[in-house]
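Welcome! Take a look at the structure, then read on.

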Amino acid sequence: MVGAGMAGLCAARVAAERFDRVLVLDRDTLPPAPAPRARVPQGRQPHLLLPAGARCLEGWFPGLVDDLVARGAVPLDLCADFYWHQCGGVLRRPASALRGPAMSRPFLEDAVRRRVGLVPGVTVRDGVTAVGLTADPTGRRVTGVRLGDGSTVAADLVVDATGRSAHSLDWVRALGYEPPPVSVVRVDTRYVSRTYRRSGPAEGGWKAAAVVGEPATRRLAVALAIEGDRWITFVAGLGGESPPVDEEQRRAYVRTLPSPVIADLMATCEPLGAASTHRFADDRRRHVERLRRFPLGWVLLGDAVSSFDPIYGQGMTSAALQAEALGRCLDRTGAVDRALARRYFAAASRVVAVPWSLAVGGDFAYPGTEGPRPAGTDLLNRYVARTVVAAQHDDAVALRLNEVQAMVRRPGSLFLPGIALRVLRRGRATGPASERVLPRPARA
Ligand SMILES: Cc1cc2nc3c(=O)[nH]c(=O)nc-3n(C[C@H](O)[C@H](O)[C@H](O)COP(=O)(O)OP(=O)(O)OC[C@H]3O[C@@H](n4cnc5c(N)ncnc54)[C@H](O)[C@@H]3O)c2cc1C
């Protein structure tokens with residue numbers, strides 16, 4: 001595995017059941033305790049683990065979720081504990097089975113890395129940069145990776161989990177193979193995040209909140225309870241909109257959003273550490289399923305396949321689902337051959353298709369988004385806006401919308417008759433664009 005981010009770690013766990021030895025390489029110095037990493041700058045921003053991702057991780061590491069919670073992660077019902085204000089109102093918060101503990105990215109990655117390191121046959125090496133691939137004399141089969149110090153590591157299968165730059169694409173090009181076609185949708189989302197001391201539950205009992213401004217404002221804010229009795233908030237500007245870094249200015253900026261809950265939290269909780277910024281230029285999807293010529297023994301996984309606007313919180317879950325798919329494909333083919341790669345590339349593409357459609361579709365609701373617009377996007381966005389309004393009145397619609405966002409149901413399930421009729425009935429915006437529905441208190 002080249003890369004010990006969430007994708008490389010998930011893939012290592014899956015590979016360990018199918019190969020005698022698994023080596024995970026990372027160019028970063030991996031910290032001995034949860035801490036942001038230099039080569040994973042997004043780790044300072046909030047990272048929500050969706051239930052589909054939590055299910056994979058718990059399956060690979062039984063007891064992980066309980067352990068995370070015991071160490072301070074916050075148990076979260078993604079529906080009942082989530083205050084979600086969009087399209088002029090607050091969505092209903094029925095109890096659900098959508099569970100995923102909330103924590104910081106370094107906290108989760110540290111816990112997963114420790115467990116991966118304990119899996120028999122797995123070795124994690126840090127401070128090691130992969131710089132190329134080795135191949136057999138025909139160039140048809142990858143035989144390992146070349147490292148920055150000039151040494152090589154032999155491997156039957158090399159998984160590029162190097163993140164959105166997908167470094168191995170240059171390496172396979174050097175072997176004479178073209179990279180996969182890529183779809184790029186320019187979003188230019190800018191984040192400013194900061195942590196605050198959490199001394200008790202938020203008013204209304206929520207543990208996570210998202211306040212989404214009208215698309216024309218290109219502003220939204222999110223707050224998430226995390227380990228260490230902290231909140232982490234981020235303020236995002238889409239389409240080049242730039243949230244201020246200065247605390248007071250940012251608080252005033254967040255006050256312009258249609259609900260005060262996150263601005264109030266920022267005003268009443270003690271800030272911890274400095275604010276950190278992140279800029280996300282574009283959604284990027286590499287169409288690995290269209291690759292016709294590629295070397296055997298090489299695959300991409302995680303952000304290397306596709307990275308989506310992070311405001312939808314899908315990246316780690318997508319990586320876990322791709323790793324799960326890789327395991328299934330290895331079981332089906334039983335060999336590292338062309339059939340494995342074809343099968344896996346098709347499966348990875350199916351995994352990323354869902355978050356891609358949600359993220360890219362959602363991004364096109366904002367002015368400034370540029371790129372190939374999937375067919376039917378405007379129609380879909382109008383329907384989703386109606387669904388959000390209906391979810392302000394109707395528990396069943398709110399639950400379904402949350403299930404889709406949580407990646408446990410496919411977007412098509414929003415169109416099934418039982419939901420569509422409710423959306424058509426309740427999804428007409430009425431009254432002033434203000435808070436029409438009071439948040440339900442979180443369950444005990
Ligand atoms: C601002 C922001 C917020 C986000 N929020 C969420 C969220 O709420 N929920 C969610 O699920 N996802 C979120 N994501 C996405 C998430 O960070 C990624 O999708 C996820 O971590 C999968 O990443 P990865 O492992 O593929 O890549 P990365 O996490 O980028 O890891 C790649 C690893 O490869 C290593 N590497 C790179 N090149 C080499 C090399 N040549 N040799 C050796 N090692 C190498 C790097 O050091 C790094 O450790 C967010 C992303 C951003 C930018």
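This is a predicted model: local features need pLDDT of at least 70, side-chain atom pairs count only at pLDDT 80 or more; totals for chains, interfaces and linings use all residues.

- Arg250 sits in helix 6, which covers residues 247-255.
- Is Arg250 buried or exposed? Its relative accessibility is 0%, so Arg250 counts as buried, the cut-off being under 20%.

**The protein as a whole**

- The protein is built with twelve helices and 15 strands.
- For 444 residues, a compact globule would have a radius of gyration near 22 Å, and the protein agrees with this because its own value is 22 Å.
- Of the 444 residues, 56% count as buried.
- The accessible surface amounts to about 18200 Å², and carbon and sulfur atoms account for 52% of that.
- Taking contacts between residues at least 6 apart in sequence, 74% of them join residues at least 24 apart.

- Which residues of helix 2 are the buried ones? They are Pro51, Ala52, Gly53, Ala54, Cys56, Leu57 and Trp60.
- These buried residues pack against four other helices: helix 1 (6-16), helix 3 (64-70), helix 4 (105-118) and helix 8.

**Charges and salt bridges**

- The protein carries 60 positive and 44 negative side chains, and the centres of these two sets are 4 Å apart.
- How many salt bridges does the structure hold? There are 34.
- In helix 8 (residues 315-333), Glu324 and Arg328 are four residues apart, which means that about one helical turn separates them. Their side chains meet in a salt bridge, at 3.9 Å from N to O.
- Both partners of that pair are partly exposed: Glu324 has 23% relative accessibility, and Arg328 has a relative accessible area of 48%.
- Asp282 and Arg284 form another salt bridge, with 3.1 Å between the closest N and O atoms. Asp282 is buried, at 11% relative accessible area, whereas Arg284 is partly exposed, at 23%.
- Glu17 pairs with Arg18 in a salt bridge whose closest N and O atoms are 3.5 Å apart. Arg18 is partly exposed, with a relative accessible area of 30%.
- Some salt bridges join up into a network, which links Asp26, Asp28, Arg37, Asp67, Arg71, Arg105, Glu109, Asp110, Arg113, Arg114 and Arg115.

**Leu291, a residue in a loop**

- Leu291 belongs to the loop between strand 13 (271-286) and strand 14 (298-300).
- Leu291 counts as buried because its relative accessibility is 5%.
- What does Leu291 touch, not counting residues up to four places away in sequence? The list is Glu178, Pro179, Pro180, Trp298, Arg342 and Phe345.
- Leu291 and Ala341 are 50 residues apart in sequence, while their C-alpha atoms are 9.6 Å apart in space.

**Gln405, at the end of a helix**

- Gln405 lies in helix 11, which runs over residues 395-405.
- With 24% relative accessibility, Gln405 counts as partly exposed.
- Beyond its neighbours within four places in sequence, Gln405 is in contact with Leu50, Trp84 and Tyr312.
- Gln405 and Pro310 are 95 residues apart along the chain, and 12 Å separates their C-alpha atoms.

Note on methods
Residues are numbered from 1 along each chain as its sequence is written. Side-chain values use heavy atoms; hydrogens and water are left out. Helices (H or I, at least four residues) and strands (E, at least two) are DSSP runs, numbered from the N terminus. The radius of gyration is taken over C-alpha atoms; the globule rule is 2.2 Å times the number of residues to the power 0.38. Buried means under 20% relative accessible area, exposed over 50%, partly exposed in between (1.4 Å probe, protein chains only). Contact means heavy atoms within 4.5 Å. Accessible areas come from the Shrake-Rupley method with a 1.4 Å probe; for residues, only the protein chains shown count as cover. Lys and Arg count as positive and Asp and Glu as negative; His and the chain ends are not counted. The place of a charge is taken as NZ of Lys, CZ of Arg, CG of Asp or CD of Glu. A salt bridge is a side-chain nitrogen of Lys or Arg within 4 Å of a carboxyl oxygen of Asp or Glu.
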